[in-house]
Amino acid sequence: MTNPFENRADALSGPARDIALVSPSDITDLPKVAIGLYVETGGTLVMTTVSGELRTAQVADFSILPVGTLRVHATGTTAGGIHAMVLA
């Protein structure tokens, strides 16, 4: 099987190379900066963006939030099944 990603340069516009389950934390950044988030169960999402801003968003079930994210905070986050879309 050929791999279409093999010789492709990573791009912030996507697609992501992988997704990783997020454990919200008020003190720990994500292991890899996310180029976006996928949320299975809607609710409130509190995050620190790559620009260092603390943001709160209301998201629906099965949402994709295309924002660079450093951290998903536990305090205030009620959304569930959060996955970080990452490049590497």
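Colleague: In which sense do strand β2 and strand β7 pair, and over how many bridges?
Modeller: Strand β2 (residues 36–41) and strand β7 (residues 80–86) are antiparallel partners over five bridges. Two strands count as paired if DSSP finds at least two bridges between them. This is a predicted model, in which local features need pLDDT of at least 70 and side-chain atom pairs count only at pLDDT 80 or more, while totals for chains, interfaces and linings use all residues. Residues are numbered from 1 along each chain as its sequence is written, and side-chain values use heavy atoms, with hydrogens and water left out.

Colleague: What is the strand order of the open sheet?
Modeller: The order is β1-β7-β2-β5, four strands with antiparallel pairing. β1 (18–21) and β5 (63–65) stand at the edges with a single partner strand each, so one side of each has no neighbour in the sheet. Neighbouring strands are turned by 25 degrees against each other on average, direction ignored; the axes are lines fitted to C-alpha atoms, and angles run from 0 to 180 degrees between N-to-C directions.

Colleague: How many helices and strands are there in the chain?
Modeller: The chain has zero helices and seven strands. Both are DSSP runs numbered from the N terminus, helices being H or I of at least four residues and strands E of at least two.

Colleague: Changing topic, which residues have the most contacts inside the largest nonpolar core?
Modeller: Val22, Leu37, Val39, Leu45, Val72, Ile82 and Ala84 do, in a core of 14 residues. Such a core is a set of buried Ala, Val, Leu, Ile, Met, Phe, Trp, Tyr and Cys residues joined through side-chain atoms within 4.5 Å, where buried means under 20% relative accessible area with a 1.4 Å probe, protein chains only.

Colleague: Which strand gives the most to this core?
Modeller: β7 does, with three residues. At least two residues each come from β2, β3 (43–49), β4 (54–59) and β7.

Colleague: What does Val22 touch?
Modeller: Leaving aside residues up to four places away in sequence, Val22 touches Leu30, Val72, Ile82, His83 and Ala84. Contact means heavy atoms within 4.5 Å.

Colleague: What percentage of the chain is buried?
Modeller: Buried residues account for 36% of the 88 residues.

Notes
Buried means under 20% relative accessible area, exposed over 50%, partly exposed in between (1.4 Å probe, protein chains only).
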